[in-house]
Amino acid sequence: MVVLSQPAALDHCSLIKTCKPTGVFTGIPVIDLKDGEAKTLIVKACEEFGFFKLVNHGVPIELMTRLEAEALRFFNLPQSEKDKAGPPTPFGYGNKRIGLNGDVGWIEYLLLNNNPLTSLNTPEIFRYAVKEYMEAVKRLAIEVLEVMGDGLKIEPRNALSGLIRDEKSDSCFRLNHYPPCPELQALSGRNLIGFGEHTDPQIISILRSNNTSGLQICLRDRTWVSVPPDQTSFFINVGDALQVLSNGRLRSVRHRVLAGSMKSRVSMIYFGGPPVNQKIVPIPSLMAKGEERLYKEFTWWEYKNSASKSRLGDNRLGLFENKTQ
Ligand code: GA4
């Protein structure tokens, strides 16, 4: 990866890193939620990739397209109007800056808490589209975690899903807009980084994007591959908290988004997190006899607090590893 060296037309994005595009990956597990094998396949995908594509998920496509249209209506407003919904500290509109510690990307976004009706000063029609979508995707997150719980043979079966179902669940939601950057062609085939590489801190993330590519995941052998877009499916990420709850058996996936030169990308992501006071420790029924805990005990609040002081690409779990073995 290199930092852009100033072709005149690109001055306005000269702090944003670039990288070479990579191959399209055809090996992403595709899981049909209603298939009897789903529980086994979900566990396998989360062990191997920390990532999979979910089809036959039961969320009406109309909910996705309605929210996408509303999001675009917002992102197409004049900059001064959008700025009124910012800055994202922690919730609201953000432009290029991500987090509080100097990360930037070719992106604008809205970060929302669990309660979109009150957390945003936007038109009612927009807030209702977010609310309905979030409710549907939260139900889906619960279902996926229940099926995963079955596959892992967790006792009780709802040990994972209950963390999201809890009314105090600290979940959040993000609408991302990666505008096209036509000047990119001047970069001889390189891409601008839209959202730099990172893992998600929560338990599970449920992503839906329009039909524009850009999402990449990092495989176990550390190669980056592009995920072909599919606007009718969801892409599911294992987050850091789930890695700890499973004592490292399920892996949080490093991922990033590259911006394109011609097409704008819109994504919507639900981040399912536990209640703030929840202790994040391996679920006992997932531990083999005598198995050592890979991480120190911490609460979700402690982890979030530590994450907010980190840079996007940091290995946030590193601080919590048990190095005693
Ligand atoms: C990554 C996952 C979610 O988008 C997010 C991000 C958060 C932010 O945008 O404020 C963080 C990032 C994310 C992890 C490290 C910190 C916090 C930006 C950043 C540099 C909303 C989240 O929960 O963690």
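A residue is called buried here if 20 or more other C-beta atoms lie within 10 Å of its own, exposed if 12 or fewer do, and partly exposed in between, with the C-beta atoms placed from the backbone. The structure is a predicted model, so local features need pLDDT of at least 70 and side-chain atom pairs count only at pLDDT 80 or more, while totals for chains, interfaces and linings use all residues. Residue numbers start from 1 along each chain, as its sequence is written. Helices (H or I, at least four residues) and strands (E, at least two) are DSSP runs numbered from the N terminus.

Helix 1 spans residues 38-48, and its buried residues are Ala38, Ile42, Val43, Ala45 and Cys46. They sit on the same side of helix 1, because they cover an arc of only 165° around the axis; that arc is taken over the directions from the helix axis to the C-beta atoms. After helix 1 comes glycine 50, with a positive phi near 65°. Aspartate 35 counts as partly exposed because it has 13 C-beta neighbours inside 10 Å. Between aspartate 35 and lysine 96 there are 41 Å in space, C-alpha to C-alpha, for a separation of 61 residues in sequence.

Helix 5 also packs with helix 2 (residues 61-75): their axes come within 9 Å and cross at roughly 140°. The axes are lines fitted to C-alpha atoms over the stretch in contact, and the angle runs from 0 to 180 degrees between N-to-C directions. The crossing is left-handed, meaning that the near helix is turned anticlockwise from the far one by less than a right angle (clockwise would be right-handed). Helix 2 brings Leu63, Arg66, Leu67, Glu70 and Phe74 to the contact, and helix 5 answers with Ile125, Phe126, Ala129, Val130, Glu132, Tyr133 and Ala136. By class, that makes nine nonpolar, three charged and no polar residues (nonpolar: Ala, Val, Leu, Ile, Met, Phe, Trp, Tyr, Cys and Pro; charged: Asp, Glu, Lys and Arg; polar: the others, Gly among them).

Around the ligand there are 16 residues, of which Gly99, Asp200, Pro201, Ala307 and Leu312 come nearest; a residue belongs here if its C-beta atom, placed from the backbone, lies within 6 Å of the molecule. Strand 6 (103-112), strand 7 (172-178) and helix 8 (300-308) each give two or more residues to this shell. The shell divides into seven nonpolar, five polar and four charged residues.

A cis peptide bond with omega about -10° joins glycine 86 and proline 87, and proline 87 lies in the loop between helix 3 (79-83) and strand 5 (92-98). Another cis bond, with omega about -15°, links glutamate 155 to proline 156, in the loop between helix 5 and helix 6 (161-165). Arginine 222, though not a glycine, has a positive phi of about 70°. Arginine 222 is exposed because it has 7 C-beta neighbours inside 10 Å.

How values were computed: Two residues are in contact if their C-beta atoms, placed from the backbone, lie within 7 Å.
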